[in-house]
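User: I'd like to learn how to read a few features in a protein model. Could you walk me through them?

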Amino acid sequence: MASRISSLLMCILYIYSFSAFLCLHAHEARESAENYQLHHYHTVQVSSLIPSTTCNASSKGPKREASLTVIHKYGPCFQSNKDQLLVLNHTEILLQDQSRVNSIHSKFSKNLDGNKLRESQATTLPAKSGGTIGTGNYIVTVGLGTPKTNQTLAFDTGSDLTWVQCKPCARQCYQQVDPIFDPSKSTSYTNISCPTPLCSQLTSATGSPRQCSSNSKCIYVVRYGDRSFTAGYFSTERLTITSDVVDNFIFGCGQDNEGLFKGFAGLLGLGRGQVSLVQQAAQKYKKFFSYCLPSTISSMGYLTLGKGREVSSFVKFTPLLTLSQGPSFYGLNLIGISVGGQRLSIPTSVFSTVGTIIDSGTIITRLPPTAYSALRTSFREKMRNYSMTSSNSSLFDTCYDLSKSQSVSIPSISFFFGGGVSVDLNKVGILYILSQTEACLAFAGNSNPSDIAIFGNEQQKGLEVVYDVVGRKIGFRPGGCS
């Protein structure tokens, strides 16, 4: 009898121990799953995804001499929007974005060989966001002339020539917030003569041949992918960036400016060509600049020219590549993507065959079809708890109805670049908000597998992006606007 009781007790103890083991194992598994969810998913309130109509001026970027505030053109921080209800026409914005992408792709259409990729002082301007044209979405304010007049310009890493609207607007000027620049009231303004070697730089800067006026002035013409255009006099002037001065700055003084321009005065060219601000101010800023695009249209970022101080150790650098068919663009070596912490099975040749550029003016990141398909499949699987819906936009094919959700758990997305660099995208750059209840995966696939990939500004939000042209590298730092 005693042996039976002992065996029974041993059995009970064994069952209890095994149950405790299973319980502990289940607890650890649950804890592991929760930790995975915490590190590889973003849980956000749906209400926080809706654009605010109030300007948040608290985030103004670093306090450096050559640092400009960046704002969004459609946001409440831009003066032209203060007296009107904030209305975002996403259909129009995305169509213009596609026009810009088509224009960029056309420049690379003759280069189907991705193997042709080859490897101070500081001034910060505030950066704002503004997407009505194919020339850039984020705007800054600089001074032009002597005495200086403030001009609000869209800055664009995909363009070289800086231009502003100028009086007397011989043909046409659109409505802008700032007073239209009047060269007759500036003591430092000069027209560039034609023909001259300086005037001949226009061909590479604009893609159009130089023209001479009847009185031997150099004429520029720039046409954009959305059919907007600007034409006027190729000139020199004093450019003021906060307290810094760039004398004899080459720019376009626009006398005929037509198309989808609205509100701002022109464009600030930050490409790699000879007439870009980066090249013209190379002696002062050493071809070094950085920016952080605000994470929302109601907040502020910055554009800083020059290094100014030691670069943060949190900035991770990847090699800057030069593309033979588009030497003014900034090339990257994109090699992979992860979704929810899981690396996608995409051969690196999918990216290397076509190449990749980073562009401040393109909104939605464009990927090779094979890469986008893998991204979309993984994202949909991880978002299976949310109801999908069709979109009015032809650009998006993965959209969700969030009307019945107070919060949404979004899988993280990371990009992998050459040099062992991984960049975790900000949560605001993963979904594109079309309405108060509809959000779409903020990526698109190229229709042609041979088209170049583009790292767009929606995915750059909240990152500090550092361009070191002399050092031939581009860096990324999360949380860059704070």
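User: What does the side chain of R366 reach?

Analyst: A polar contact is a pair of N or O atoms within 3.5 Å; within protein, one must be able to donate a hydrogen and the other to accept it, and residues adjacent in sequence count only if both atoms are side-chain atoms. Here the R366 side chain comes to 2.7 Å from the backbone oxygen of I364. This is a predicted model, where local features need pLDDT of at least 70, side-chain atom pairs count only at pLDDT 80 or more, and totals for chains, interfaces and linings use all residues. Residues are numbered from 1 along each chain as its sequence is written, and side-chain values use heavy atoms, with hydrogens and water left out.

User: Is R366 buried or exposed?

Analyst: Buried means under 20% relative accessible area, exposed over 50%, and partly exposed in between (1.4 Å probe, protein chains only). R366 is buried because its relative accessible area is 1%. It sits in strand β22; strands (E, at least two residues) and helices (H or I, at least four) are DSSP runs, numbered from the N terminus.

User: Which residues is R366 in contact with?

Analyst: Contact means heavy atoms within 4.5 Å. Setting aside neighbours within four places in sequence, R366 touches several residues, including D97, Q98 and V101.

User: Which residues are buried in α2?

Analyst: An α-helix has 3.6 residues a turn, so residues three or four places apart point the same way. In α2, the buried ones include D97, R100, V101 and I104. The buried residues of α2 pack against several strands, among them β6 (149–156) and β22 (365–367).

User: How many salt bridges are there in the whole structure?

Analyst: Side chains of opposite charge can pair when their charged atoms come close. A salt bridge is a side-chain nitrogen of Lys or Arg within 4 Å of a carboxyl oxygen of Asp or Glu. The whole structure has eight salt bridges. One of them joins D156 and R100 (2.7 Å, N to O), and both of these residues are buried. R100, D156 and D359 are linked in a network of salt bridges.
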